[in-house]
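Subject: Structure for you to look at, with notes

Dear colleague,

I am handing over the structure below, together with some notes on what was found in it. Please read the notes with the structure open beside you.

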Amino acid sequence: MKGPKQLTIVIKLGTSSIVDEITHQPILSVLSLIAETAIKLIKDGHKVIIVSSGAIGMGLRRMDIEKKPQYLPRLQNRHLLL
């Protein structure tokens, strides 16, 4: 008899899941738990793909912006001109 079916598992991490809303710092406890989970899945024979849109949230702090603006192209153009 064959073992359990091996799966490809995609874990999508959004900004609100991995970055603190106020400080824009990564939430290390969440990232650590995700890494531990991915390692266990890989050890169990599955393929794991992690996709993140969290770069925007982390970039807000670097750009000294309090929250994600509603209209990003305007903001991007402003920073390109600086």
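In which strand does Lys47 lie? Lys47 lies in strand 2, where strands are DSSP runs of E of at least two residues and helices are DSSP runs of H or I of at least four, both numbered from the N terminus.

Before going further, a word on the basis of these notes. This is a predicted model, in which local features need a pLDDT of at least 70 and side-chain atom pairs count only at pLDDT 80 or more, whereas totals for chains, interfaces and linings use all residues. Residues are numbered from 1 along each chain as its sequence is written, and side-chain values use heavy atoms, with hydrogens and water left out.

Overall picture

The protein has four helices and two strands, and from the N terminus on these elements follow the order β-α-α-β-α-α. The average pLDDT (the predictor's confidence in each residue, from 0 to 100) is 79 for the protein, and 72% of the residues score at least 70. Confidence is highest in helix 2 (residues 28–43), with a mean of 95, and lowest in helix 4 (residues 72–81), with a mean of 54.

Of the 82 residues in the protein, 18% are buried; here buried means under 20% relative accessible area, exposed means over 50%, and partly exposed is in between, with a 1.4 Å probe and protein chains only. The protein exposes about 6,900 Å², of which carbon and sulfur atoms supply 59%; accessible areas come from the Shrake-Rupley method with a 1.4 Å probe, and for residues only the protein chains shown count as cover. Among contacts (heavy atoms within 4.5 Å) between residues at least 6 apart in sequence, 61% join residues at least 24 apart.

Around strand 2

Lys47 is exposed, at 59% relative accessibility, and touches Leu7, Thr8 and Ile9, leaving aside residues up to four places away in sequence. Lys47 and Gln6 are 41 residues apart in sequence, while their C-alpha atoms are 7.6 Å apart in space.

His46 is found in the loop between helix 2 and strand 2 and is buried, with a relative accessible area of 16%. Not counting residues up to four places away in sequence, His46 touches Lys5, Gln6, Leu7, Ile9 and Leu41. A polar atom of the His46 side chain lies 2.9 Å from the backbone nitrogen of Leu7.

Lys5, one of the residues that His46 touches, is found in the segment before strand 1 (8–13) and is exposed, with a relative accessible area of 67%. Lys5 and Gly45 are 40 residues apart in sequence, and the distance from C-alpha to C-alpha is 8.9 Å.

Val51 forms a nonpolar patch on the surface with Val10 and Ile49, and together the three have about 230 Å² of accessible area. Such patches are made of residues with over 30% relative accessible area and no salt bridge, with nonpolar side chains (Val, Leu, Ile, Met, Phe, Trp, Tyr) joined within 5 Å and like charges within 9 Å.

The salt bridge

The structure holds one salt bridge, a term that stands for a side-chain nitrogen of Lys or Arg within 4 Å of a carboxyl oxygen of Asp or Glu. The side chains of Lys40 and Asp44 meet in this salt bridge, at 3.0 Å from N to O. Lys40 counts as exposed, at 52% relative accessibility, whereas Asp44 is partly exposed, at 46%. Side chains of opposite charge can pair when their charged atoms come close.

Two buried residues in helices

Ile34 lies in helix 2 and counts as buried, at 15% relative accessibility. Apart from residues up to four places away in sequence, Ile34 touches Ile11, Leu13, Ile18 and Ile50; Ile34 and Ile18 are 16 residues apart in sequence and 9.9 Å apart from C-alpha to C-alpha.

Leu60, found in helix 3 (residues 55–62), is buried as well, with a relative accessible area of 8%. Leu60 and Thr23 are 37 residues apart along the chain, and 9.5 Å separates their C-alpha atoms.

With best wishes

Note on methods
A polar contact is a pair of N or O atoms within 3.5 Å; within protein, one must be able to donate a hydrogen and the other to accept it, and residues adjacent in sequence count only if both atoms are side-chain atoms.
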